[in-house]
Amino acid sequence: MIVNCFICETDVDALYCGSHILDENDAKATRILLLFCPTCGCSILASQSVIATHPLKWGKVGRIWPRNALSSFWDVSDDVYECMEAARTSFNKGAYDTCAHICMNVISVIHRTHNAEDEKVITYSEGLALLHNQGLIGRRMYDWGQEIPCGVGFKSEDAFTKESAQSFIEFIEALCDCIYFQNKRYDIFKNRLVSTSPTKGELSL
Ligand SMILES: [Zn+2]
């Protein structure tokens, strides 16, 4: 199966190890493929969408992991990764309150990883504001965090529904993606600009 290998940086004819079909009876079925590169031997997770059902026909193979050598999956700190795993486990068990409170705590954990000297326990809202003030997240991410059902107007006695816990997990995943993936790529891009500029260190637009 032809798929792009991130180590070889080219399309390779990857070897098939196994697959699993999601929503098999649905017109939007997806096949998840476990492949490996015959050249470098790295594992590749890919997906295909169904493009015809009679007979069944699958579309182009697209790599979903590693999505890049700089995947946020690898770059989040151990503390944050463990929190996210605990949040997903709680969600899968139907413990939506626990899931949401773990997600809230992730903000504090992220703050500590960037401010090791600051041991003060901060609230979710305080943490969100600090991440924004430090330039780690932009306005849209900040507003998103305020809008999910634990921001403005949330009372401690309010219970989290499945939907609100789901919203919380999705927000925290997007937040980690922004902090641990997008920001890092942007920094690399800026450093590359400086290193390739004829007048190093003096950027003019
Ligand atoms: Zn390869």
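In which loop does Glu9 lie?

Modeller: Glu9 lies in the loop between S1 and S2. A word on the basis: this is a predicted model, in which local features need pLDDT of at least 70 and side-chain atom pairs count only at pLDDT 80 or more, while totals for chains, interfaces and linings use all residues. Residues are numbered from 1 along each chain as its sequence is written. Helices (H or I, at least four residues) and strands (E, at least two) are DSSP runs, numbered from the N terminus.

Strand S1 covers residues 2–5 and strand S2 residues 10–13; the two run antiparallel and are joined by 4 bridges. Two strands pair if DSSP finds at least two bridges between them. Most residues other than glycine have a negative phi. Glu9 is not a glycine, yet its phi is positive, at about 55°.

Glu9 counts as exposed because 9 other C-beta atoms lie within 10 Å. The cut-offs, with C-beta atoms placed from the backbone, are these: a residue is buried if 20 or more other C-beta atoms lie within 10 Å of its own, exposed if 12 or fewer, and partly exposed in between.

Gly41 lies between strand S4 (30–36) and strand S5 (43–53), and Gly41 is exposed because 10 other C-beta atoms are within 10 Å.

For the setting, the protein has 6 helices and 7 strands, in the order β-β-β-β-β-β-β-α-α-α-α-α-α along the sequence. Of its 205 residues, 20% are buried. Helix H3 (residues 96–114) holds several of the buried residues, among them Cys99, Ile102, Val106 and Ile110. An α-helix has 3.6 residues a turn, so residues three or four places apart point the same way. The cover over the buried residues of H3 includes helix H2 (78–92), helix H4 (124–133) and helix H6 (162–196).

Notes: Contact = placed C-beta atoms within 7 Å.
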